[in-house]
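This report looks at side-chain contacts between charged groups and between aromatic rings. Please keep the sequence and the model in view while reading.

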Amino acid sequence: MKIFWDVLHRSATVLLAFCCCAPAAVSQDRLDVAGMGMGRASVSITRGLNSIYSNPGLLDAAPLLPTQMDQPLTFSIYTGGGTIGATYLSGDEFRLIFAQKPEGYTKEDRERVGQLLQAERLYANAAINLIALRYRTQSGGTWAFHHGHRVFARVNFPESFSEIVATSNITGRDYTFINRGIGGDWLTEFGLSYGTTFRGDGAWFPSIGVGATAKLIQGVAHFEVAENSIITIQQVVSGGGGGYNIKGGYQFRSASPKGFNPAEAIGTLFTGLFPTTAGTGFGLDVGVGGTLYSVAGTGQSNPGQATQRRDAVFFGMTLQDAGFVNWNTETLVRSAVGINDTLGSGSLDNAQFRRYEGKLSAVPAYSTSFPTVFRAGIGVDVQAFMPDLSNRMVLNIEGEAPLNDPPGSATRGRFAVGGEWGLNDWLTVRTGFSGFGINGFGWGLGATVRPTEWLTFEAGSSEFEGLFGNERVDAAARLSIGWAW
């Protein structure tokens with residue numbers, strides 16, 4: 001069916017440009033490497049560079065574990081993380097299947113595409129951060145800066161579409177193809193963050209941190225299928241024989257730089273500091289966090305307190321990725337509306353279906369929003385309540401709620417439970433799990449190694465089980481350096 005192959009090919013061309021080779025926000029918390037290892041349960045206990053991406057309200061907070069660096073200046077260069085469907089990792093196969101083939105697609109081609117057109121395989125929420133820097137002043141709070149690329153995309157075809165592509169058989173039943181979330185963006189992001197902590201001397205709320213990240217966004221490429229796009233195929237009797245009634249319509253909107261070349265774009269994603277763009281926008285993260293309750297005893301104390309107390313229960317709340325991009329270059333729409341045709345069984349050929357490819361036209365500049373989420377959580381220092389515990393263990397439970405529904409966004413909330421265990425001064429291990437959200441269940445696993453005072457290496461996966469399957473790959477890693485003077 002030519003119409004579906006054409007729509008598929010156009011979608012894949014844009015996707016390939018910035019997804020098939022990425023190392024893997026709905027939200028940008030995929031760069032919170034420690035949080036990834038805890039199933040993304042980190043909003044109340046994130047610290048250091050990780051707080052830039054998870055909760056800027058904790059940017060100025062003191063470390064909870066010895067593997068977390070607290071030098072005045074810490075930074076990392078060229079790090080990445082995220083979640084990518086397995087299709088995007090099969091670059092050669094992806095190119096082969098979605099390439100224009102003048103001779104047409106073989107039965108084997110169609111069967112393979114049918115197997116790959118699954119939501120978990122055609123999903124990406126990835127980031128490559130070219131630099132992240134955190135500077136803690138002596139008394140004026142903490143500043144941070146980051147710059148990098150972000151991509152989020154979702155090609156969520158109806159299940160019956162996979163079947164019809166694999167078999168090329170539309171007889172014997174009716175079909176309804178409804179857009180369930182097809183779209184994506186490639187963005188570059190410059191973020192400036194500031195956070196500060198207010199301290200008291202009581203048992204409740206002895207420290208409260210607030211912070212925000214302002215972001216300048218450069219949009220590189222965008223595509224989306226309109227939410228109300230729908231195609232139905234119904235079996236009917238036509239001319240004394242079988243036929244097909246086709247109804248519905250669709251709209252495919254895109255924006256990209258002039259002369260956009262997918263092959264060159266892939267290299268730019270990894271190496272280019274300033275790729276050619278097709279739009280400009282702004283974003284904002286705001287957060288609050290700190291200590292909810294402290295207990296009397298030995299151990300960590302908060303500066304300025306009259307009596308020594310230990311932070312025991314933590315809290316965090318953040319609004320992530322509020323913002324928009326105004327697309328103003330090569331803004332195109334391909335649409336076919338009001339389709340209502342009845343075709344005989346002998347008329348199903350490419351020439352007939354070309355009528356449904358739609359009309360391509362330029363449109364004025366338009367704006368799109370980011371997948372905005374609200375996260376909140378509670379953490380606890382287990383050792384504060386169990387002094388006999390030989391090593392410090394910190395646990396966190398959190399919930400996340402989507403506030404809008406652009407392409408790449410979750411349509412339902414997410415919850416997560418996770419924790420980290422400081423085995424000694426140079427090793428911390430983590431685990432956790434999450435449920436619902438855009439990815440469903442995920443088991444997290446990760447660690448931080450600090451071989452010297454000035455160097456740490458972190459790695460984690462919020463879907464560790466996926467590393468051994470063939471659906472999605474989810475991972476993040478960072479090498480950080482601290483500098484004191």
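## Charges over rings

A charge counts as sitting over a ring if NZ of Lys or CZ of Arg is within 6 Å of the ring centre and within 35 degrees of the ring normal. The model examined here is a predicted one, and Arg253 is placed over the face of Tyr366 in it, at 3.8 Å from the ring centre.

## Salt bridges between neighbouring elements

Across the whole structure, a search finds 16 salt bridges. One of them joins the side chains of Arg392 and Asp381, with an N to O distance of 2.6 Å. Because Arg392 belongs to the loop between helix H10 (382-385) and strand S15 (393-402), while Asp381 belongs to strand S14 (residues 373-381), the contact ties together parts that are 11 residues apart in sequence. Both partners, Arg392 and Asp381, are buried.

Another salt bridge is formed by the side chains of Glu398 and Arg414, at 3.0 Å from N to O. Here Glu398 lies in strand S15 and Arg414 in strand S16 (residues 414-422), so this pair ties together parts that are 16 residues apart in sequence. Glu398 has a relative accessible area of 3% and is therefore buried, and Arg414, with a relative accessible area of 6%, is buried as well.

Since Glu420 is in strand S16 and Arg430 is in strand S17 (residues 427-436), the pair ties together parts that are 10 residues apart in sequence. Glu420 and Arg430 are both buried. Elsewhere, salt bridges that share partners join Arg40, Arg375, Glu398, Glu400 and Arg414 into one network.

## Aromatic pairs

The structure also holds nine aromatic pairs. In one of these, the ring centres of Phe415 and Phe433 are 6.1 Å apart and the ring planes stand at 85°, so the pair is edge-to-face, as angles over 60 degrees are classed. Phe415 lies in strand S16 and Phe433 in strand S17, and the pair therefore ties together parts that are 18 residues apart in sequence. Which accessibility class do Phe415 and Phe433 fall into? With 33% relative accessibility, Phe415 counts as partly exposed, and Phe433, with a relative accessible area of 34%, is likewise partly exposed.

Phe415 also forms an aromatic pair with Phe436, and this one is tilted, with 5.9 Å from centre to centre and 55° between the planes. Because Phe415 lies in strand S16 and Phe436 in strand S17, the pair ties together parts that are 21 residues apart in sequence. Phe436 is partly exposed, its relative accessible area being 48%. Taken together with Phe441, the residues Phe415, Phe433 and Phe436 form one aromatic cluster.

Terms used. Residues numbered from 1 in each chain as written. Predicted model: local features only at pLDDT ≥ 70, side-chain atom pairs only at ≥ 80, totals over all residues. Heavy atoms only, no water. Salt bridge = Lys/Arg side-chain N within 4 Å of Asp/Glu carboxyl O. Helix = DSSP H or I, 4+ residues; strand = E, 2+ residues; numbered from the N terminus. Buried < 20%, exposed > 50% of the residue type's maximum accessible area, 1.4 Å probe, protein only. Phe/Tyr/Trp six-rings, centres within 6.5 Å; stacked < 30°, edge-to-face > 60°.
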